[in-house]
2 protein chains.
Amino acid sequence: MEFSSALLESAVNEFAKLPGIGKKTALRLVLHLLKEEEEEVQHFSDVMRRMRSEIKFCQRCHNVSDSDLCSICANTSRKQDIICVVESIRDVIALESTQQFNGTYHVVGGVISPLDGIGPSQLNIDTLIHRTQKEETAEVIFALSPTIQGDTTIYYIQKKLPAGIKVTTIARGIAFGGELEYADEMTLGRSLQNRLPVDRYVGNR
Amino acid sequence: MEFSSALLESAVNEFAKLPGIGKKTALRLVLHLLKEEEEEVQHFSDVMRRMRSEIKFCQRCHNVSDSDLCSICANTSRKQDIICVVESIRDVIALESTQQFNGTYHVVGGVISPLDGIGPSQLNIDTLIHRTQKEETAEVIFALSPTIQGDTTIYYIQKKLPAGIKVTTIARGIAFGGELEYADEMTLGRSLQNRLPVDRYVGNR
């Protein structure tokens with residue numbers, strides 16, 4: 001692309017660095033900002049700068065936060081002795097959107113994957129173990145990726161947890177609305193093995 | 001979506017204001033920025049702010065520019081007496097990318113469309129007429145949308161241009177690589193009417 005303005009070109013290049021944004025989309029976004037009021041763009045710019053420089057990570061669960069303790073860990077009406085272990089902040093947002101969980105989280109930051117050079121020390125596993133030792137913990141729920149790496153991570157953490165804690169994982173099976181014939185054999189096989197009595201099945205209809 | 005941080009939420013909302021960016025994409029972009037170095041995000045923020053506040057529009061052709069005269073109008077090796085009339089800055093970038101044009105541009109800012117409340121006075125038409133009267137102009141090439149509104153705009157401007165200027169429009173017809181059977185009748189009919197002798201046809205193979 002040929003630009004007649006270096007300012008325009010650098011703005012397009014900055015947007016094009018973002019994941020999933022190509023040069024054409026970047027140009028469309030920049031031309032949109034160019035048409036906006038100057039204060040609007042100033043605000044956009046300020047929000048991004050402040051977000052990156054002022055955002056904190058919860059000292060207890062590593063979730064994003066505006067203070068040392070995130071709003072979920074600071075909420076006394078939530079069950080603080082139930083910990084849901086997730087990979088990322090995005091998973092916290094997804095689970096919170098279901099409005100089905102009233103415990104706390106622990107963001108480990110990924111799963112153990114030796115091939116990608118990710119070992120237990122790169123993840124927030126020590127802080128989780130320490131947390132379960134220090135605080136009274138009734139249950140640890142794993143909500144990690146349903147992959148070999150996810151299972152490895154569950155196995156690794158589970159062995160290190162203090163005795164007497166209930167350890168569970170979110171149900172894996174056929175997605176609601178999914179079709180049996182398109183499910184892979186692994187999922188279908190496991191969902192058969194882990195079948196539930198119908199009176200325990202909670203439909204969200 | 002439920003956010004545990006107001007800073008994160010406002011950043012996601014700012015991104016989601018951009019065209020074609022939904023909440024989920026906005027979250028992905030913000031989490032990407034969150035993982036970047038603080039200086040990188042500072043730079044991103046600064047570039048957007050500077051782009052909006054410092055960018056200028058060329059006093060002659062209304063293209064974006066870093067100074068009073070854009071780099072195309074200031075380039076003496078380009079034919080300054082040939083003016084290509086386009087709707088937007090995006091069209092200038094598209095035409096410049098072809099590297100087939102060595103004249104100048106005039107960004108009128110849209111097409112006359114009474115139904116959308118856009119009349120000649122909302123567009124940069126007066127400055128174009130003034131420019132052709134003041135400067136020696138050999139040719140005005142229209143590269144506007146191939147619509148009724150585009151044709152109306154061509155007709156309106158053409159009548160106001162000083163006598164003696166060659167007035168042309170970019171060729172309309174079947175797109176290179178396009179298939180005849182999928183072309184609409186209007187396009188196909190016109191491309192038959194405006195057929196070219198084969199020795200004047202310049203293939204870009």
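Tutor: Start with the layout of chain A. This is a predicted model. The C-alpha centres of domain 1 and domain 2 of chain A lie 36 Å apart.

Student: Which residues make up domain 1 and domain 2 of chain A?

Tutor: The domain assignment gives 6-54 for domain 1 and 78-170 for domain 2. Those bounds come from an automatic or database assignment.

Student: What does the UniProt annotation "domain: Toprim" cover in chain A?

Tutor: The record, an unreviewed entry, places it on residues 81-175 of chain A. In the model, that span is 35% helix and 18% strand. Its end C-alpha atoms are 29 Å apart.

Student: What makes N75(A) partly exposed?

Tutor: Set the value against the cut-offs. Buried means under 20% relative accessible area, and exposed means over 50%. N75(A) has 28% relative accessibility, so it counts as partly exposed.

Student: Where is N75(A) found?

Tutor: In the loop between β2 (64-65) and β3 (82-86) of chain A. P120(A) is 45 residues from N75(A) along the chain, and their C-alpha atoms are separated by 29 Å.

Student: Turn to chain B. What is the strand order in the open sheet of four strands?

Tutor: The order is β4-β3-β5-β6 (chain B), and the pairing is parallel.

Student: Why are β4 and β6 of chain B called edge strands?

Tutor: Each pairs on one side only. They span 104-107 and 166-169, respectively. From one strand to the next, the twist averages 25°.

Student: How do you know that β3(B) and β4(B) pair?

Tutor: Count the bridges. Pairing needs at least two. Four bridges join β3 (residues 82-86) of chain B to β4(B), and the two strands run parallel.

Student: Which helix lies across β3 and β4 of chain B?

Tutor: Helix α4 (residues 89-98) of chain B, running at about 160° to β4(B).

Student: Now the two chains. What makes their relation that of a two-fold axis?

Tutor: Chain B superposes on chain A by a rotation of 180°, with 0.0 Å of shift along the axis and an RMSD of 0.1 Å. That is the two-fold relation. In chain B, S45(B) has the C-alpha nearest the axis, 2.3 Å from it.

Student: How do you know that the copies meet through the same surface?

Tutor: Compare the interface residues. Of those in chain B, 100% are also interface residues in chain A, so the surface is the same.

Technical notes. Residues are numbered from 1 along each chain as its sequence is written. Chains are lettered from A and ligands numbered from 1 in the order in which they are written. This is a predicted model: local features need pLDDT of at least 70, side-chain atom pairs count only at pLDDT 80 or more; totals for chains, interfaces and linings use all residues. Side-chain values use heavy atoms; hydrogens and water are left out. Copies are superposed by least squares on the C-alpha atoms of residues with pLDDT of at least 70 in both. Contact means heavy atoms within 4.5 Å. UniProt positions are given in the numbering used here, feature names are shortened, and annotations may be inferred rather than shown by experiment. Axes are lines fitted to C-alpha atoms, for helices over the stretch in contact, and angles run from 0 to 180 degrees between N-to-C directions. Buried means under 20% relative accessible area, exposed over 50%, partly exposed in between (1.4 Å probe, protein chains only).
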